[in-house]
Amino acid sequence: MVKVVLFCGGLGMRIRSSSESQPKPMLPIGSRPVLWHIMKYYAHFGHKDFILALGYGANAVKEYFLNYEETRSNDFVLTHGGRQVNLLSSDISDWRITFVDTGMDTAIGERLRRVRPHLDDDEVFLANYGDVLTDSPLDEMITDFLTTDAVGTLLAVPPPDSFHVVQMTEEGKMTGLEAVGGLQMRINGGYFVLRQGIFDYLNEGEDLVMDACVRAARDGRFRARPYDGFWAPMDTLKERAYLEDMNRRADRPWAVWESAPATKRANGLRW
C-alpha cells in the first residue's frame, strides 16, 4: 500500500454556483463529493492511506468524514424501528486519513512540502489534484515507474477538444482551424507517482509542476505516461454538469471499483 497525497485547498471559483461555499473537492457528483470518487479509485487499487493537504474549506472536509454516512452508498438492514443499522458493505472502514491544514493561499508544491513529515520513510508515494477523474490503470503506472530512477511521473492526456486552435498569418488572415483535442499534444492529467527525491527539486513556496517537475525533467529525472482512455477534470460548471449527467445515466467509467478492469474509451470531455 502506497500513501496518497490529495491536494484539497482549491477555491474552485469557476465551478461554484453563487449559493455554494464548499471547497472544490467537496462539490458533489451524485450523492458523494468528487474527492470521495477519487479516494475510491485509489482504494480500488489497494492504496487506502490518504493524506489530505487542506486549505480553503478545511473544516468542510473534516466535518464530512467525521460525520460520514455509510448508508448513503452502501446497502444495509434496518431493524428495531431504526435503532439498529447493520451495513452489508462499507466504504471507508479500512481507510486511514490524515488531515493536514497547509494554509489558505499555499502553492501546490508548498502544500506537498508541508505534508512531507506524514510520508514517513516511504520512498514512493502518490499525489492528485483532488478534482480530476480517470479510469487509467494505476497499477500499471506504478509498476512502470518503479523500473526507472526518475523522481516522478505524471499522467499525460489529450486536452479536452472544446476549444479550437486558430492558424493565421501575421496579417490576420485565417489559414486553418483545428480542434485542440486533435493535435499531437498532451497535458498534465493530475495523477502523479513520486519519489522522495522530488523534494530535492522543490523549494519553499514553489509549485510542484512548473518548478519541481520542470527542474527534474531538465535533469532527465521526470517522466510522463500517455493515456488515451477516460479522463475528465472538474474545473468549470460545464465540466461538473457533464460528470453529473454521466452519473445520472450510470455511465461512470471512473468508478473502476464497480466493474471489470477499465476499458478504453474516448477522452472525457467531448461535445
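**Notes on the sheet, its cover and the core**

1. Let's start with E4, which is covered on both faces: Asp49, Ile51 and Ala53 are buried on one side, and Phe50, Leu52 and Leu54 are buried on the other. Buried here means under 20% relative accessible area, with exposed over 50% and partly exposed in between (1.4 Å probe, protein chains only). Six of the six residues of E4 are buried, so the strand is largely enclosed by the rest of the structure. As background, side chains in a regular strand alternate between the two faces of the sheet.

2. Some housekeeping before going on. This is a predicted model, where local features need pLDDT of at least 70 and side-chain atom pairs count only at pLDDT 80 or more, while totals for chains, interfaces and linings use all residues. Residues are numbered from 1 along each chain as its sequence is written, and side-chain values use heavy atoms, with hydrogens and water left out. Helices (H or I, at least four residues) and strands (E, at least two) are DSSP runs, numbered from the N terminus.

3. Now the sheet that E4 belongs to. It is open, has seven strands in the order E7-E4-E1-E8-E13-E10-E14, and its pairing is mixed. Two strands pair if DSSP finds at least two bridges between them. E7 and strand E14 (222-226) stand at the edges with a single partner strand each, so one side of each has no neighbour in the sheet. On average, neighbouring strands are turned by 25° against each other, direction ignored. For angles in general, axes are lines fitted to C-alpha atoms, for helices over the stretch in contact, and angles run from 0 to 180 degrees between N-to-C directions.

4. On the E4 side, the pairing is parallel. E1 and E4 pair in that sense over five bridges, with Val4 opposite Phe50 and Cys8 partnered by Leu54. E4 and E7 also run parallel, joined by six bridges, and there Ile51 has Thr98 as its bridge partner.

5. Around E13 the picture is antiparallel. E8 is joined to E13 by five bridges in that sense, and Leu126 has Val193 as its partner. Strand E10 (residues 152-157) is antiparallel to E13 as well, again over five bridges, with Val157 standing opposite Ile187. Seven of the nine residues of E13 are buried, so this strand is largely enclosed by the rest of the structure.

6. What about the helices? H5 packs on the sheet, touching E1, E13 and E14, and its direction makes about 65° with that of E13. In helix H3 (residues 108-115), Gly109, Glu110, Arg111, Leu112 and Val115 are buried. The cover over those residues includes strand E1 (4-8), strand E4 (49-54), strand E7 (96-101), strand E8 (124-128), strand E13 (187-195) and helix H5 (208-218). Contact means heavy atoms within 4.5 Å.

7. Which residues have the most contacts inside the largest nonpolar core? They are Leu6, Tyr42, Leu52, Leu112 and Leu243, in a core of 74 residues. Helix H1 (residues 34-44) gives the largest share, eight residues. A nonpolar core is a set of buried Ala, Val, Leu, Ile, Met, Phe, Trp, Tyr and Cys residues joined through side-chain atoms within 4.5 Å. Not counting residues up to four places away in sequence, Leu243 touches Ile29, Leu133, Phe230, Ala232, Pro233, Met234 and Trp254.

8. Leaving aside neighbours within four places in sequence, Met141 is in contact with Thr153, Leu154, Leu155, Tyr191, Val193 and Arg225. The C-alpha atoms of Met141 and Tyr227 are separated by 10.0 Å, though the two are 86 residues apart along the chain.

9. Last, the rings. The structure holds 13 aromatic pairs, one of them Tyr64 with Phe65, edge-to-face at 5.1 Å centre to centre and 90° between the planes. Rings of Phe, Tyr and Trp (its six-membered ring) pair if their centres lie within 6.5 Å; planes under 30 degrees apart count as stacked, over 60 as edge-to-face and the rest as tilted. Tyr64 counts as buried at 15% relative accessibility, and Phe65 is buried at 11%. Tyr41, Tyr42, Phe45 and Tyr191 form one aromatic cluster.
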